Amino acid sequence: MSKVTTLISTAAAAVATAAVLALSVAPAATADPTPPAPTASAPVLAKTQGWLNIYNGSAPQGTNNIELRVVIDPTVGMRVTDAAGRSLYRFDKDTPKPSQSNCTGACATTWPPLLVSKGQNLYVDGINPQLTGFIERPDGSCQITIGGWPVYYFSKDAKPGDLLGQGVGGTWFAVNPTGGKAVAN
């Protein structure tokens, strides 16, 4: 019986080894192709200014909200874009305290303000929500501010990532996350 016991023990060891190898490989081979759900937490209401709710985090998909994000640009460092990646600018002739836009008429055609309307919310990702808000423009529309500075698009930026307004007239600069000028170090 000792040969039978040895034979059974050897067979059992071989089966156990094969099972261990199969288990260590099987999960990778049969992994669910569905990516895991995001682990990021839901946006948190951080501030309210009048009717505008300002959230820390990304805007929910498919909503009509304003979202600001920070990107790192090799030419100017950290700067703010909208959710689509369009560059945002500040104007040196505006004032942060009190917040006031001095770009109206033809200026606002070339440099459209980033506007927010009642019913929309503001979501900020990488920006201190306490530094964001809005001002009422002379025409009654409401413009987003960062660090008190009103923010704008540049009409000649044709696609996300364009930064053609940087330094225009020595007064227009990409806005950084605190409202300052995004400039090369």
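The model is predicted, and local features need pLDDT of at least 70, side-chain atom pairs count only at pLDDT 80 or more, and totals for chains, interfaces and linings use all residues. Residues are numbered from 1 along each chain as its sequence is written, and side-chain values use heavy atoms, with hydrogens and water left out.

**Overall fold**

- The chain holds 2 helices and 13 strands, where helices (H or I, at least four residues) and strands (E, at least two) are DSSP runs numbered from the N terminus.
- Of the 185 residues in the chain, 37% are buried, with buried meaning under 20% relative accessible area, exposed over 50% and partly exposed in between (1.4 Å probe, protein chains only).
- Among contacts (heavy atoms within 4.5 Å) between residues at least 6 apart in sequence, 66% join residues at least 24 apart.
- The accessible surface comes to about 10600 Å², of which 61% belongs to carbon and sulfur atoms, as computed by the Shrake-Rupley method with a 1.4 Å probe, and for residues only the protein chains shown count as cover.

**Cysteines**

- The count comes to 1 disulfide, a disulfide being a pair of cysteine sulfur atoms within 2.5 Å, and this one joins Cys 103 to Cys 107 with an S to S distance of 2.0 Å.
- The torsion about the S-S bond of Cys 103 and Cys 107 is about -110°, so the disulfide is left-handed.
- Cys 103 is buried at 0% relative accessible area, whereas Cys 107 is partly exposed at 24%; Cys 142 is buried at 11%.

**Aromatic pairs and cluster**

- The whole structure contains 8 aromatic pairs, defined for rings of Phe, Tyr and Trp (its six-membered ring) with centres within 6.5 Å, where planes under 30 degrees apart count as stacked, over 60 as edge-to-face and the rest as tilted.
- The rings of Tyr 89 and Trp 111 are edge-to-face, because their centres lie 5.4 Å apart and their planes stand at 80°.
- Tyr 89 lies in strand E5 (residues 89-91) and Trp 111 in the loop between helix H2 (106-110) and strand E8 (115-116), so the pair ties together parts that are 22 residues apart in sequence.
- Tyr 89 is buried at 0% relative accessibility, and Trp 111 is buried at 4%.
- Phe 91 and Trp 172 have ring centres 4.2 Å apart and planes at 10°, so the pair is stacked; Phe 91 in strand E5 and Trp 172 in strand E13 (residues 172-174) are 81 residues apart, and both are buried.
- One aromatic cluster is formed by Tyr 89, Phe 91, Trp 111, Tyr 152, Phe 154 and Trp 172.
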